[in-house]
Amino acid sequence: MRLIRFLLGRIILLVDFLSRPKPAVREKKDQDIVDRMTSGMSLYQFNACPFCVKVRRHMRKRSLNIELKDAKNDIDIKNELVEYGGKHKVPCLRIQTDSENIKWLYSSDDICAFLDLELDRLKSV
Ligand SMILES: N[C@@H](CCC(=O)N[C@@H](CS)C(=O)NCC(=O)O)C(=O)O
């Protein structure tokens, strides 16, 4: 079972690599604004999880530079996710808006939708 899961993971990573979306290109000043928007975010994820790959592709296509945290191999990050996020499930987006305001958003669909909403919000200001 472990071997099958491992092999499936490698296939997912290979297909992802071979079909990677092109990143959006923005003027530097616009990318700086987007980078500021994502600066308080980090994605807790597993390298070969298909839901995490989906979110990473979503980020890449939109050129969203969000810090990746390995919640599978790094025990401190895994513990952080469980303690503050509430469960060991990935992907999970940690969103820090200020020193007291931190949100933990689970589910790949919700994360992708949230990121698009944030981008739309930037365009409208
Ligand atoms: N519906 C969720 C599914 C997420 C999911 O099932 N993630 C798996 C990894 S692929 C997980 O976190 N499993 C918990 C574990 O392995 O401890 C999503 O779209 O994000």
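## Sheet and ligand site

In this predicted model, four strands form an open sheet in the order β2-β1-β3-β4, with mixed pairing. Strands are DSSP runs of E with at least two residues, and helices are runs of H or I with at least four, numbered from the N terminus. Two strands pair if DSSP finds at least two bridges between them. β2 (67-70) and β4 (101-106) each have a single partner strand and stand at the edges, so one side of each lacks a neighbour in the sheet.

β3 (residues 92-98) and β4 run antiparallel, joined by six bridges. Gln96 stands opposite Ile102 in β4.

The model's local features need pLDDT of at least 70, side-chain atom pairs count only at pLDDT 80 or more, and totals for chains, interfaces and linings use all residues. Residues are numbered from 1 along each chain as its sequence is written, and side-chain values use heavy atoms, without hydrogens and water.

Now the ligand. Which residues are around the ligand? They are Phe46, Cys49, Phe51, His88, Lys89, Val90, Pro91, Ser107 and Ser108, each with a heavy atom within 4 Å of it.

| Residue | Protein atom | Distance to a ligand oxygen atom |
|---|---|---|
| His88 | side-chain N or O | 3.1 Å |
| Val90 | polar backbone atom | 2.8 Å |
| Ser108 | polar side-chain atom | 2.6 Å |

On its own, the ligand has 510 Å² of accessible area, and the protein covers 65% of that. The areas come from the Shrake-Rupley method with a 1.4 Å probe.

How values were computed:
Polar contact = N/O pair within 3.5 Å; in protein donor to acceptor, adjacent residues only side chain to side chain.
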